[in-house]
Amino acid sequence: MNLPNILTLSRIPLMFIIVWLMFQTWLGAASLAFWLFIAGAISDWLDGYIARKRGITTVFGKLMDALADKIMVLGIMVAMLGWDYPIPLSFVLLTLCREFLVSGMRMVAAAKGVVVAADRGGKTKTLTQLISIGFLLATPMVAWDWSYFTDTDLSGLTELTHRIGLVGFIAGTFLAIWSGWRYIRQYKDVVFSDTDQ
């Protein structure tokens, strides 16, 4: 267990804390949820950077980095379905299906000795999802915390922030489907063959 792997695994309990904060009504909870999410998103870049810099990249790290991202992103997405600023259920279900399908494919490939690491399409999808969730989490921060501390009506900025988050979320869903298709096309011979590699 090295530092990059610790950073990777930290995103799992962090997701639970963020979701809990999303449903708190005390002043500052929305801001704390937002900034903890930003810290988790930064750790997604930082763990890979440290692993490459120190030459301690591991198979566990490659697999768990993608899995921890999925847990954090999907956990928050599911929580947002029952939130004050909900996101479309159909797009969440499409994202869930894609992630389970790709994760299952990764497990089959791993059983055959092939590691399916995230490609550029998958990383673009994850980045888009992280940015969109950031805007969605920023919506109540603007609506409640910023409005309170500035004593200003920020309903226009709140609506704009939410719209940007929704557009990014929809774009992230399409990227998820596209990158999932790329994974299947690239590794179909490994996954669907009856013999070990």
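Author: Let us begin with a definition: a salt bridge is a side-chain nitrogen of Lys or Arg within 4 Å of a carboxyl oxygen of Asp or Glu. This is a predicted model, in which local features need pLDDT of at least 70 and side-chain atom pairs count only at pLDDT 80 or more, while totals for chains, interfaces and linings use all residues. Residues are numbered from 1 along each chain as its sequence is written, and side-chain values use heavy atoms, with hydrogens and water left out.

Reader: How many salt bridges does this rule give?

Author: Side chains of opposite charge can pair when their charged atoms come close. The count here comes to eight salt bridges. In one of them, the side chains of Arg11 and Asp44 meet at 3.5 Å, N to O. Arg11 belongs to helix 1 and Asp44 to helix 2 (residues 29–54), so this pair ties together parts that are 33 residues apart in sequence. Helices are DSSP runs of H or I with at least four residues, numbered from the N terminus. Arg11 and Asp44 are also linked with Asp47, Asp65 and Asp69 in a network of salt bridges.

Reader: Are Arg11 and Asp44 buried or exposed?

Author: Buried means under 20% relative accessible area, exposed over 50%, and partly exposed in between, with a 1.4 Å probe and protein chains only. Both Arg11 and Asp44 are buried.

Reader: Which parts does the salt bridge of Glu99 and Lys125 tie together?

Author: The side chains of Glu99 and Lys125 meet in a salt bridge of 2.9 Å, N to O. Glu99 lies in helix 4 and Lys125 in helix 5 (residues 120–150), so the pair ties together parts that are 26 residues apart in sequence. Glu99 is buried, with a relative accessible area of 3%, and Lys125 counts as buried at 3% relative accessibility.

Reader: How far apart in helix 6 are Arg163 and Glu159?

Author: They are four residues apart in helix 6 (residues 155–192), and are therefore separated by about one helical turn. Arg163 forms a salt bridge with Glu159, with the closest N and O atoms 3.1 Å apart. Arg163 counts as exposed at 52% relative accessibility, whereas Glu159, at 44%, counts as partly exposed.

Reader: At what angle do the axes of helix 1 and helix 3 cross?

Author: Two packed helices are described by the angle between their axes and the distance between the axes. Axes are lines fitted to C-alpha atoms, for helices over the stretch in contact, and angles run from 0 to 180 degrees between N-to-C directions. The axes of helix 1 (residues 3–22) and helix 3 (residues 59–80) cross at roughly 5° and come within 8 Å. Helix 1 is therefore roughly parallel to helix 3, a term for angles under 35 degrees.

Key. Helices (H or I, at least four residues) and strands (E, at least two) are DSSP runs, numbered from the N terminus. Angles under 35 degrees count as roughly parallel, over 145 as roughly antiparallel, 65 to 115 as roughly perpendicular and the rest as oblique.
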